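Subject: Structure for you to look at

Hello,

Here is the structure for your first reading. Please open it and keep it beside this email.

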Amino acid sequence: MRNKWEEHRATALSVPDNEIVPLDALRAGEHGVVVEMNGGRGVLCRMTSLGFTPGVELAVVQNFGRGPLIALVRDARVALGRGEAGRIYVRRKP
Amino acid sequence: MRSESQDGEILVALAGQPNVGKSTIFNLFTGLSQHVGNWPGKTVERKEGTLAHNGTTYRLVDLPGTYSLTANSTEEVITREFIIREQPDVVVALVDAAILERSLYLVAELLTLPAPVIVALNMMDVAEQEGFRIEPEVLEAALGVKVVPMVASKNIGVRELLDDIDEVAHNSNAYKPKRPEIRADHREVLEEIEKLVAGCVPAPYPQDWVALKLLEGDHEITEMMRGCLSDGQWEAVHDVLRAHDDALVAVASGRYEWIGRMIRAAVTRPKAGQIGLTERLDRWATHPFWGLLILAGILGLTFWLTYAVGAPLQGALDTYVVGGLAGVAHTWLAGGPGWLDDLVVNGIIGGVGSVLTFLPILVIFFGVMGALEDVGYMARAAYVMDGFMHLMGLHGKSFLPLFLGFGCNVPAVLGARVIESRRARLLTILLAPLMPCTARMTVIAFLAPAFFGPAATLVSWGMILLALVVLALSGVLINKTIFRGQRAAFIMELPLYHVPNPRTIGLLVWQRSLSFVKKAGTLILAVSVAVWALSTLPHGEIETSFLARVGRWLEPGGRLMGFDWRLMVALLTSFIAKENSIAVLGVLFGTGEGVGLAKTLATIFPLSTALAFLVVQMLFIPCVATVAVVKQETNSWRWTFFNLGFLLLVSWGVGIAVYWIARLVGL
């Protein structure tokens, strides 16, 4: 029996390449290109100054499906809370 | 040509993003000539030092580490205000060669300010290890500013940097940087804003910079210009800004595009798929299970150090230094009045002693915190603990400082500085006094066996658990009410691991300890003397002293839990140091501090009162040293008194609740 979370994750994983997904849907080792970022001025400012801008390519280094995750962006490792990661939309790269 | 500062000194500002080795370079240049204080009115550390090179004196100011210059944090405001207002002769912008693109982001912002910039390309060795090949001359040609390759930790490139500072400071006419330009799609808007504010920008702010910050939606600059422009002018600016409220991300993207063009020819990137040391270590250190285990191991080691090294040192300091001083004072003052001897020995030397005996534990904790920060582990600890800390409205970074509160609340409060978000930092400081410190545990360990016999261990653990539960609930409560449930965004860099620099850590420990002795020390001494006076005057005995009168006056409050005035006085004196309660109880019950006291107490008070006393002791206002650093770190008497009031209320409330529950179950 699968719980709700696994259900949700399975849906996210079944999305084909090149689809736009929130960053937290990328698994460890997957790459993506940032398409859009949402949030208040403070959060956006922090995101951009740490290297996230539309068009940048990033890789997810660690994502256990819950809790924060780690992304590699512009050669820097950045930890993001799940909430913050959900505000960054990426185009999954094959 | 800009003249040098009036006294012939050259003013150099050191800027850079966090984790680029700024303090290593600053320490190399200035060594022990540093002055450490706070930026005026802020709780951000300000370090300044001097250095002589080729017959010129340089005054170096270490600016706080910031990722950008848009006013989101105090650090960012301090950095840009310093450069704009003080106009340093040279700004050394430190960048991490291994994270070149991202760390040049701050440089892109610095280049738009009116001070000559030199780029110090630090950590060239790490970049090479990671597979980057960087040609500094090519980057220099592209940026139009000096670029100095360095490995600060190995002293490489330091002399070259000094020579370049010298050259730029004495020849500012030759400084012709390529300034980043805004992306084409926002150029017109920027020009429009600049035209609208032209002539109204207060000196010394550069007009084009103000226009850019307005476009980025910078809060401080927006407020400033709203005050400077007439209503009509502001209306016009505001209309333009409202039509482009997405400009923040576009401006940032533009900066990275510019950086990309600048470094394209200078950098050869590593082949994808290389696995570095950091990635291998992080598979363990940031793992949800192994990461916690590693963290627990590190904490265990810290406390082992505290007990194995810190506690004996504390004891030795107390016996030999404090005891020795008291002995000398006794001999000197033997012929004088008794009260003078008492004042010097118990008031002054007692106060000095309590400051002094804090030092071994502080040194250990500052050392551990400094080492973990320098290695790069601090961010990992924050990462694995973030989910849990969020439940209390705290940040992952709050965990380590708070946890160190188990040893002593003072470093817990001081350690809260690592937290960038002001709200999370404040909350951490306010909660730190609820951590059961060793001094409180000493009191519990003494009293619990007398009352509870074989159940003493259980009661002691129960007290710790209670304190932690109260801490968590207080966190949730304060966060929900005063901070209205807002929480700091969790976006944090995990720096590359590197070998710690003993010099950096050593200087940090030295400065922090010195600052504690200087600042908190004076307050501790003053309160120590004041409480001594209250407990001695007017007749030289504590039983008839003013303090006893205060205790009797407060007794009705204590009656709610079965306390008499003597327990109240013991609580009051625990303000100097928690262990004082036992000594004072010994005097008040005429038994000394030995086993006799415990037995006497057990016959006088019922278990319910004893339990309540332990609870209050556990949650009561902290010792004066902790209060002193709470004031220092919040920079506000209002928050300090709020904290004291809150703890008073909580300790009394929980104490009364425990007392009545105990009575109900027949204790």
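Domain bounds here come from an automatic or database domain assignment. The model is predicted: local features need pLDDT of at least 70, side-chain atom pairs count only at pLDDT 80 or more, and totals for chains, interfaces and linings use all residues. Residues are numbered from 1 along each chain as its sequence is written, while chains are lettered from A and ligands numbered from 1 in the order in which they are written.

Domains of chain B

The assignment for chain B gives domain 1 (10-174), domain 2 (184-268), domain 3 (285-439 + 456-487 + 504-518) and domain 4 (523-664). Between domain 1 and domain 3 of chain B, the C-alpha centres are 33 Å apart. Five residues from domain 1 of chain B and five residues from domain 3 of chain B make the contact. (Two residues are in contact if their C-beta atoms, placed from the backbone, lie within 7 Å.) On the side of domain 1 of chain B that touches domain 3 of chain B, the largest share is three residues from helix H1 (residues 22-30) of chain B. Helices (H or I, at least four residues) and strands (E, at least two) are DSSP runs, numbered from the N terminus.

A sheet in chain B

Seven strands of chain B form an open sheet in the order S2-S3-S4-S1-S5-S6-S8, with mixed pairing. Two strands pair if DSSP finds at least two bridges between them. Which strands are at the edge? They are strand S2 (35-38) and strand S8 (147-149) of chain B, and each pairs on one side only. Neighbouring strands of this sheet are turned by 25 degrees against each other on average, direction ignored. (Axes are lines fitted to C-alpha atoms, for helices over the stretch in contact, and angles run from 0 to 180 degrees between N-to-C directions.)

S2(B) and strand S3 (residues 45-53) of chain B run antiparallel, joined by four bridges. Val36(B) has Lys47(B) in S3(B) as its bridge partner. Helix H3 (residues 100-110) of chain B lies across strand S1 (10-16), strand S5 (90-96) and strand S6 (117-122) of chain B. H3(B) runs at about 160 degrees to S5(B).

Strands in chain A

Strand S2 (residues 31-37) and strand S3 (residues 57-62) of chain A are antiparallel, with three bridges. Val33(A) is opposite Glu57(A) in S3(A). S3(A) also runs antiparallel to strand S4 (residues 69-73) of chain A, over four bridges. There, Val60(A) is opposite Ala71(A) in S4(A). The hairpin of S3(A) and S4(A) has six residues between the strands, and Gly65(A) in this hairpin takes a positive phi near 85 degrees.

Best wishes
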